[in-house]
Amino acid sequence: MRPSPGPLAGRRGQALAVLGAGAAGAALPLAFAPFEWSWLAVASPALLFAVAAAAPRRLALAAAYAFGVGQFGVGVSWVYVSIHDYGAAAAPLAAAVTAALVAVLALFPVAAVALGRWVGRRRGTRLLLGLPAAWVLLEWVRTWLFTGFPWLLLGYAGLDTPLAGIAPVAGVLGQSALLAALAGLLAWLLLAPGWRRGVAALAAAALAAGAGLAADRPWGEPAGPALEAALIQGNFSQDEKWDPAFRGAIRERYARLTLEHTGADLIVWPETAIPQLYHRIASGYLAPLAERVRRAGGALLLGVPYREPTDSGEGPLHNSVAVLGPERAFYHKRRLVPFGEYVPFRDLLGRSLDFLGAPMADYTPGGPGRPVSVGDGLRLGVSICYEAAYPRVVAQSAAGADLLVNVSNDAWFGASLAPHQHLQMARQRAAETRRWLVRATNTGITAVIDPRGRVAASAAAFETAVVTERVEPRRGTTPYVALGDGPLLALLALVLAGARLDPLRRRAAGRAAGRTAR
């Protein structure tokens with residue numbers, strides 16, 4: 001006999017289920033920075049999982065879509081700010097683009113619920129195996145599909161909890177897996193409350209916390225004496241930054257703040273700190289500053305647009321970091337933001353979508369990420385802006401690096417949730433690689449992050465500031481840097497296959513058939 005849907009019966013119950021799922025999705029961003037109500041990373045998906053496991057298929061998928069609209073409608077609302085306030089798009093157009101993005105992203109929870117229900121044909125199997133594993137698998141898909149949008153991965157909410165110890169072993173998706181499993185357990189308890197299930201859920205939560213604490217190890221060792229880093233937050237609004245009238249003020253401020261900190265071992269400016277091509281400012285402006293820094297024993301790193309010289313003239317344009325130490329080196333950004341740093345299908349779309357794009361021109365991605373050497377054997381793993389959202393991009397840069405450097409221009413986000421979310425992702429990268437990470441941004445949030453993902457020093461947003469802190473170069477490879485997401489993906493495949501086979505269901509069916517035969 002098919003079980004009764006109970007409170008999900010009738011139009012009113014179904015409407016409440018969809019609205020409740022949407023509210024749960026809208027609450028989920030509160031689990032991330034700046035709110036960091038981590039418990040919502042279990043409670044919110046648990047409500048979705050409960051509806052998804054118990055409701056008819058159509059209602060379950062509708063609830064999943066409502067959850068996704070709530071999750072991304074609140075969590076990535078900053079897209080509207082970027083397009084309208086800084087891309088100069090009209091409000092209706094900015095709202096339409098943001099709504100379209102949310103509508104597409106909301107399909108990921110739908111796919112997770114569809115897959116979780118398909119592999120788990122019993123309610124318990126869905127909740128304990130199918131839905132949690134499918135959720136994490138779709139998060140992984142979201143890190144690469146259509147170049148990826150790895151924002152609001154569930155695991156980020158575990159960064160300041162005992163689960164964070166799993167970061168250097170299984171990365172942010174490993175933390176997502178633990179939180180999703182706990183969400184499935186909570187939903188299992190909500191649908192059939194009882195002391196036995198309550199004890200099982202508490203035991204599982206203790207086991208997850210214990211796994212995080214057991215994995216919380218240094219995973220490396222010091223690679224040399226501590227260095228002093230000085231991170232300059234120039235604090236120029238996006239309108240000022242790209243206005244030629246402000247070029248003199250921008251140059252003066254960065255030069256002055258740099259000369260005030262020439263005793264630092266590393267002086268780092270943010271992404272595109274000077275919004276002019278490198279070759280136009282290299283000799284007259286940068287060379288004297290870099291020489292002053294070198295004489296004091298340091299190196300200057302700055303974000304700057306760089307165009308490769310070629311025999312035939314001007315070559316590709318890169319979003320780059322110039323490393324001006326004993327030797328000159330460059331890092332070119334590898335993972336570009338579609339419609340932000342380049343417009344896909346430019347030949348077809350022409351200039352019609354330039355309101356979404358970079359102020360200069362389409363950038364070209366750089367080659368493989370390798371550590372950049374800076375005198376005395378120091379090797380830096382460099383990333384630029386949005387690359388900090390991609391675990392494997394930073395992990396590849398961290399392999400062989402002693403220290404991580406991230407530069408960004410979060411002025412595009414204004415006073416939205418995004419700068420806080422972006423900083424949280426950078427913190428996660430430090431925890432996964434067990435490296436110190438220094439992060440210089442234009443308007444904030446500039447910060448120094450220790451190898452466990454904790455902020456050691458930072459500057460308030462929208463202030464001109466210099467963050468100074470001593471950081472320790474480290475060597476050693478974490479399991480996540482060495483193996484990536486492969487082991488976790490293999491485990492997810494096994495869990496999904498086991499849920500689909502469901503030997504307990506087959507055993508129960510066999511016993512029932514035996515009783516019928518007798």
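**Salt bridges and a surface patch**

In this predicted model, the side chains of Arg474 and Glu472 come together in a salt bridge, with 3.2 Å from N to O.

Another joins the side chains of Glu36 and Arg427, at 3.7 Å from N to O. Glu36 is partly exposed, with a relative accessible area of 31%, whereas Arg427, at 8%, counts as buried. Asp160 joins in too, as Glu36, Asp160 and Arg427 are linked in a network of salt bridges.

Next up is the salt bridge between the side chains of Asp410 and Arg439, at 3.0 Å from N to O. Asp410 lies in the loop between strand 9 (403–408) and helix 15, and Arg439 in strand 10 (residues 437–441), so this pair ties together parts that are 29 residues apart in sequence. Both Asp410 and Arg439 are buried.

Back to the loop between helix 1 (10–27) and helix 2 (40–54), where Phe35 is found. Phe35 has 36% relative accessibility, so it counts as partly exposed. Together with Trp37 and Trp39, Phe35 forms a nonpolar patch on the surface, and the three share about 370 Å² of accessible area.

Technical notes: Residues numbered from 1 in each chain as written. Predicted model: local features only at pLDDT ≥ 70, side-chain atom pairs only at ≥ 80, totals over all residues. Heavy atoms only, no water. Patch = residues over 30% accessible without salt bridge, like charges linked within 9 Å, V, L, I, M, F, W, Y side chains within 5 Å. Areas by Shrake-Rupley, 256 points an atom, 1.4 Å probe, with all protein chains shown as cover. Salt bridge = Lys/Arg side-chain N within 4 Å of Asp/Glu carboxyl O. Helix = DSSP H or I, 4+ residues; strand = E, 2+ residues; numbered from the N terminus. Buried < 20%, exposed > 50% of the residue type's maximum accessible area, 1.4 Å probe, protein only.
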